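Hi,

Here is the structure I promised to send over.

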Amino acid sequence: MKCPGGVVDSDVEQLNATFGRPGAVSFAEHELGGPVAQLVTAHASAIVAIHGAHVLSFLPKEGREVLWMSPQARIAPGQGIRGGIPVCWPWFATHASDTSKPDHGFVRKAPWRVVRSAAENGSAEIELTFAAMGEYAALWPGKAELKVVVSLSDRLRVELATQNLGDATIELTEALHTYFAIGNIADVTVRGLEGRSYRDKLQDYAVITQQGAITFAGEVDRIYEDTLDDVVIEDPGHGRKIRVAKAGSTSTVVWNPWIEKSQRLSDMPAQGYLGMVCVETANAGGDVVTLEPRDTHRLTTVLSVEPL
Ligand code: TA6
């Protein structure tokens, strides 16, 4: 079902009337303070905030929550949501030349519009759109239409599509900045990046080669470049593996803030670092996306859970 121009994100009743799919897609006001879509299949459920097109929850039927959310997270105009899957666009981390611009771009802090829903072949899906132009010109000179498609089956698929609607070539960095819920960061191993080179944010972006699997005994903040393979998070604390597959992405960002940075982040509890790890599907660092006029680029992440 498509609705040209989308529906104002603040009208849950109208969202249900227009995009509701019985037993698969519904809309409600979330306790964090904004309208959300609720996706349900035979195997899992998911929650997507309309604000920022931000996935808040991916809950397999037989398991526990896959995504980490800060207990201090809020849905508020102009604010990011701490946890889930922030959409970072049209730049990753701090703006290259103007640090007054918001980290990770502006679309994660802005209102999106629902334009389509679907429920077929055992899956549930919604599509949201964002017009990156006009009022955002002071932040970004380009013109683009963004689409986020969230598809739930027994796994969660999130696709961020960018179409260049301007007359000039645009360059982007971007990420689906996923926060994963884990038992204890000290027991977690991240596999799939062995032998790859990364830029270490904690060492002024020095380029270093990953020796073996990734384990955590302090803050980790790395952009692994030229990486296309699945990454697997081994989490003995929750007795599971989380697989992060991807397409349209050549970078993988791995982040845990550890103690000191957790204490500095106002919307993160002091001990928050213990129960989360970010493995982000990205095009970041030197992996810049170049889009000619009318071209479209798609960044996709697919999350699934396996036994340990
Ligand atoms: O993806 C890792 C990172 O760039 C870290 O450096 C840290 O800043 C994190 O993102 C969170 O960024 P945020 O702007 O959401 O606080």
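A salt bridge here is a side-chain nitrogen of Lys or Arg within 4 Å of a carboxyl oxygen of Asp or Glu. By this rule the model, which is a predicted one, has 14 salt bridges.

One of them joins Asp 267 and Arg 82, with 2.9 Å between the closest N and O atoms. Asp 267 sits in the loop between helix H2 (258–264) and strand S21 (276–283), and Arg 82 in the loop between strand S5 (54–60) and strand S6 (87–88), so the pair ties together parts that are 185 residues apart in sequence. Both Asp 267 and Arg 82 are buried.

Another pairs Asp 230 with Arg 243 at 3.2 Å, N to O. Here the loop between strand S17 (220–224) and strand S18 (231–235) holds Asp 230, while Arg 243 belongs to strand S19 (residues 240–247), so this pair ties together parts that are 13 residues apart in sequence. Asp 230 is partly exposed at 30% relative accessibility, and Arg 243 is partly exposed at 25%.

You will also find a network of salt bridges linking Arg 116, Glu 125, Glu 127 and Lys 147.

As for the whole chain, there are 2 helices and 23 strands. Its radius of gyration is 18 Å, close to the 19 Å that the globule rule gives for 308 residues, so the chain is as compact as a globular protein of that length. Buried residues account for 55% of the 308. The chain carries 28 positive and 38 negative side chains, and the centres of these two sets are 1 Å apart.

Best wishes

Methods
Residues numbered from 1 in each chain as written. Predicted model: local features only at pLDDT ≥ 70, side-chain atom pairs only at ≥ 80, totals over all residues. Heavy atoms only, no water. Helix = DSSP H or I, 4+ residues; strand = E, 2+ residues; numbered from the N terminus. Rg over C-alpha atoms; globule rule 2.2 N^0.38 Å. Buried < 20%, exposed > 50% of the residue type's maximum accessible area, 1.4 Å probe, protein only. Lys, Arg positive; Asp, Glu negative; His and termini not counted. Charge placed at Lys NZ, Arg CZ, Asp CG, Glu CD.
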